[in-house]
Amino acid sequence: MIHVDLTGAAMIHVDLTGAAPFFGAHAPDYAAAEAAHRTLSEKTGAGSDFLGWTELPRRIRETELARILAAGKAIREKGDALVVVGIGGSYLGARAAYELIGRREGGAELLFAGNGLSAAALCDTVEKLGNRDFCVNVVSKSGTTLEPALGFRVFRDLLVKKYGEEEANRRIFATTDARRGALKSEADAAGWESFVVPDDVGGRYSVLSAVGLLPLCAANIDIEKILTVAEETFASLDERSENNPCWQYAAARQALYKSGKAVEILACYEPRFRMMAEWWKQLYGESEGKNGLGIFPASVEYNADLHSMGQYIQEGPRHLMETVVSFAVLPGGYTVPADAHDGDGLNYLAGHDFNEIAAIARAAVKAAHIEGGVPNLAIEVTDMAETGFAELVCFFELACGLSGYMEGVNPFDQPGVEAYKKLMFRGLAALK
């Protein structure tokens, strides 16, 4: 097992022993990992204009942190709900953190909108909001992306009807381009407090900017701790050796890809991780899926999916690799109660903690999947709180950049996402 300890209590562990039997002729290429790391750090590769995410923890402290903290406090004082309007990288990171860490005491409840065109989902969000006092954080670089633009219209209209134009404007917070774009112009004209989507940070890498930090602050999550751990983690992950867990993960998954493992399943045994997996899928899918190349990122939630997808994973086509995320520190305190009738025959587990039982189940699944021909990559971070979230973000972002360069693509652009938009707006023109 590879152990890289971070400053203080933070740490990331990567275990490749479950993948080693499957490397064959394609062993992890650490020379390629080193070259990719050098390309990224020296900003000499494709997409080098979009590497600002590596500096975000420090830059945010020096620029917007004080205003983000003040705005988060103001949102909490104005009500107990914040509607975050955005799609893709404009909301996935914040939602992933919110569901992993949880709303802190005194924090606003975060509701998410503008990430689709489902009328049913929109109605559900409006119903959840009810008659509560609320604010809106609209997140869009341009302000013209269809889904969040229409979603924002709905919730801005609700604000105006509830509070009037002047007070509604005080309850709208825009995270957008620093200088240009439809949303920036509207924010300036209406006097909305605005925050910056950095020019040198792509949306899927933006969670440690105001894009993610403002909603999390409104939920009373400790964003200063997130930034502190992130800065320490990025510093630790700059190590240039085979002991760097990012090198291990990037090199291993690329070696397995060359061996025919074209689908990576990200698995976790904690339901609170579900949206982190969604964030990871965008990060890796948009970064690597181009030029006819790329590992397909999928996700499962164990134990539940062991009873639905488990058969396919165990005995389906052998084009899978499995990456399992776990946490060193977990909430505990639930033990199995004794049952006087013992109808299920499980009284021998009475008094044992659920985490103890879950660990045995995890080990059994890992062994079964490896025996069935599925390589296993294991990643452990500290906890399901601010520290673990920051570790996951930094680890996966840096490993993604390295893996993309090792694959031979630009990991920081996404030209293919415009194809459906052109056709969609062509179809919408008929409604004029």
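**View 1. Asn220 sits in the loop between α9 (210–218) and α10 (223–236).** Helices are DSSP runs of H or I with at least four residues, strands are runs of E with at least two, and both are numbered from the N terminus. Asn220 has a positive phi of about 70 degrees, although it is not a glycine. Most residues other than glycine have a negative phi. Asn220 is partly exposed, with a relative accessible area of 31%. Here buried means under 20% relative accessible area, exposed means over 50%, and partly exposed lies in between (1.4 Å probe, protein chains only). This is a predicted model: local features need pLDDT of at least 70, side-chain atom pairs count only at pLDDT 80 or more, and totals for chains, interfaces and linings use all residues. Residues are numbered from 1 along each chain as its sequence is written, and side-chain values use heavy atoms, with hydrogens and water left out.

**View 2. Lys43 lies in the loop between α1 and α2 (56–62).** Lys43 is not a glycine, yet its phi is positive, about 55 degrees. With 39% relative accessibility, Lys43 counts as partly exposed. Helix α1 (residues 30–42) holds Ala35. Ala35 is partly exposed too, with a relative accessible area of 29%. Ala35 and Ser194 are 159 residues apart along the chain, and their C-alpha atoms are separated by 39 Å.

**View 3. A cis peptide bond joins Tyr302 and Asn303.** Its omega is about 10 degrees. Most peptide bonds are trans. Asn303 is found in the loop between β9 (296–301) and α13 (310–315).

**View 4. Helix α5 (residues 119–129) has a side-chain contact at its start.** A side-chain oxygen of Ser118 comes to within 3.4 Å of the backbone nitrogen of Ala120. A polar contact is a pair of N or O atoms within 3.5 Å; within protein, one must be able to donate a hydrogen and the other to accept it, and residues adjacent in sequence count only if both atoms are side-chain atoms. Gly130 follows α5, and its phi is positive, near 60 degrees.

**View 5. Thr382 occupies the loop between β11 (376–381) and α15 (386–407).** Thr382 is buried, at 11% relative accessible area. Its side chain reaches the backbone nitrogen of Met11 at 3.4 Å.

View 6. Several residues of α6 are buried, among them Leu146, Pro148, Phe152 and Leu159. Just after α6, Gly164 takes a positive phi of about 90 degrees.

**View 7. The largest pocket holds about 840 Å³ of space.** On a 1 Å grid over the protein atoms alone, a pocket is an open set of points with protein on both sides within 12 Å along at least five of seven lines, while a cavity is a set of points where a 1.4 Å probe fits but cannot get out; lining residues have an atom within 4 Å of a point. Grid points are joined across faces, edges and corners, and a volume is the space filled by probe spheres set on the points. The pocket is lined by 32 residues, and Thr145, Gly203, Glu286, Gln414 and Lys421 lie nearest its centre. The elements giving two or more residues to this lining are α6 (146–163), α12 (274–288) and α16 (418–428). The largest share, three residues, comes from α16. By class, the pocket lining has 12 nonpolar, 12 polar and eight charged residues. Ala, Val, Leu, Ile, Met, Phe, Trp, Tyr, Cys and Pro count as nonpolar, Asp, Glu, Lys and Arg as charged, and the others, Gly among them, as polar.

**View 8. The largest cavity has a volume of about 60 Å³.** A search of the whole structure finds one cavity of 30 Å³ or more. Its lining residues include Cys268, Tyr269, Phe327 and Arg362. Strand β10 (residues 320–327) gives the largest share of this lining, three residues. The cavity lining divides into five nonpolar, one polar and two charged residues.

**View 9. The disulfide count is zero.** A disulfide is a pair of cysteine sulfur atoms within 2.5 Å. For Cys217, the nearest cysteine sulfur is that of Cys135, 13 Å away. Cys217 is buried, with a relative accessible area of 4%. For Cys394, the nearest cysteine sulfur is that of Cys246, 8.9 Å away. Cys394 counts as buried, at 0% relative accessibility.
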